[in-house]
Amino acid sequence: MSADAMKAAARARSNIALVKYWGKAPGKLNVPAVGSISITLDALWSDTELIFDPAFAADEFMLDGKHRPDQLARISACLDILRDLAGIGARAAVVSRNNFPTGAGLASSASGFAALVSAAARALGLELAPRELSIVARRGSGSAARSIFGGFVEMRAGSAADGRDSYAEPLLAAAEWPLDVVVAVTATGEKEVASGSGMMRCAQSSPFYPAWLETHPADMALCREAIRSRDFEALAEIAEASCFKMHAAAMATRPALIYWNGVTLECIGRIRQLRKSGVPVFFTVDAGPQVKAVCAPGARGAVREALAELPGVVRIIESSLGPGVETRECNS
Ligand code: PMV
């Protein structure tokens, strides 16, 4: 390593959307077609260490101990934005680890890109506001813009041609409404259709995509209000509706995008039964088969037990709500 190498590290948490992002605006800036509202999870994170070194010939990326050249185009595009801002051309070696399954609908791209851009900005000595980091993280993955912040977070779709008003911002800190999340992992391994290409295909061929776009702003307003007033029942109602609507639009894509398996549906049924019987819990599912049960902290044990006993649930991950991205010096 050269004497003028620049290093830093970051930890960013994964997040799950309560009102979903699904669909992109035209153009190459990865601007979402709709806003979204998410919660950041404390227990699922990406740890990223990064070195810029003028002696490196090209960017390199290792994830969970394996070289991942397939991810380099998106990573280098984010790094290029920051290199341009810093006026530095050095290539980078990026080493990242997830403490949860990658690419299986647990938002590893969200935590991954939030950690990447935060570590890179710090290594380059750029003092960017969280909003600026959120804009750069968005270029890697739409949901990554939200993982810059903790607690409840809103992503604004924005309308500027250069994407400068397409960023996330905090709505409520984790401590202001402490909810828990119990994730039922129903399959391991990476999903067949990545969310990015899934949403493009959906926009092109699903007859329900226009309805998704049209009804989305009302869902955002209901969700914002449920969070503002800490109304669990209202949050449950709108989050499940947004999830079903996104998956309905996806399933009507040609060819169909079915991210669920049979166990996903079993978990959804069990969670809805629990809520009917008075347990404060609701579900959401992203572009993969895992089911995330969001509950009031006192209900966590009951939710965990009910999901763990379902045949086909291979693992349970539990989390409370977590903070935004954290960066540090890196001496390795
Ligand atoms: O950030 P991406 O491009 O992986 O897309 C995320 C899409 C969903 O997870 C399905 C919904 C969301 O808002 O996180």
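I began with strand S2 (residues 36-53) and found that four bridges join S2 to S6, the two running antiparallel; strands here are DSSP runs of E with at least two residues, numbered from the N terminus, and two strands pair if DSSP finds at least two bridges between them. The model is predicted, so local features need pLDDT of at least 70 and side-chain atom pairs pLDDT 80 or more, while totals for chains, interfaces and linings use all residues. Residues are numbered from 1 along each chain as its sequence is written, and side-chain values use heavy atoms, with hydrogens and water left out.

I then looked up strand S7 (residues 168-172), which pairs with S6 in the antiparallel sense over four bridges, with phenylalanine 152 standing opposite leucine 172 in S7.

Next I checked the faces of S6: Phe152 and Glu154 on one side and Val153 and Met155 on the other are all buried, where buried means under 20% relative accessible area with a 1.4 Å probe and protein chains only. In a regular strand the side chains alternate between the two faces of the sheet.

Serine 147 is buried, with a relative accessible area of 0%. Leaving aside neighbours within four places in sequence, I listed the contacts of serine 147 (heavy atoms within 4.5 Å), and these include Ala12, Arg13, Ser111 and Gly324.

Technical notes
Buried < 20%, exposed > 50% of the residue type's maximum accessible area, 1.4 Å probe, protein only.
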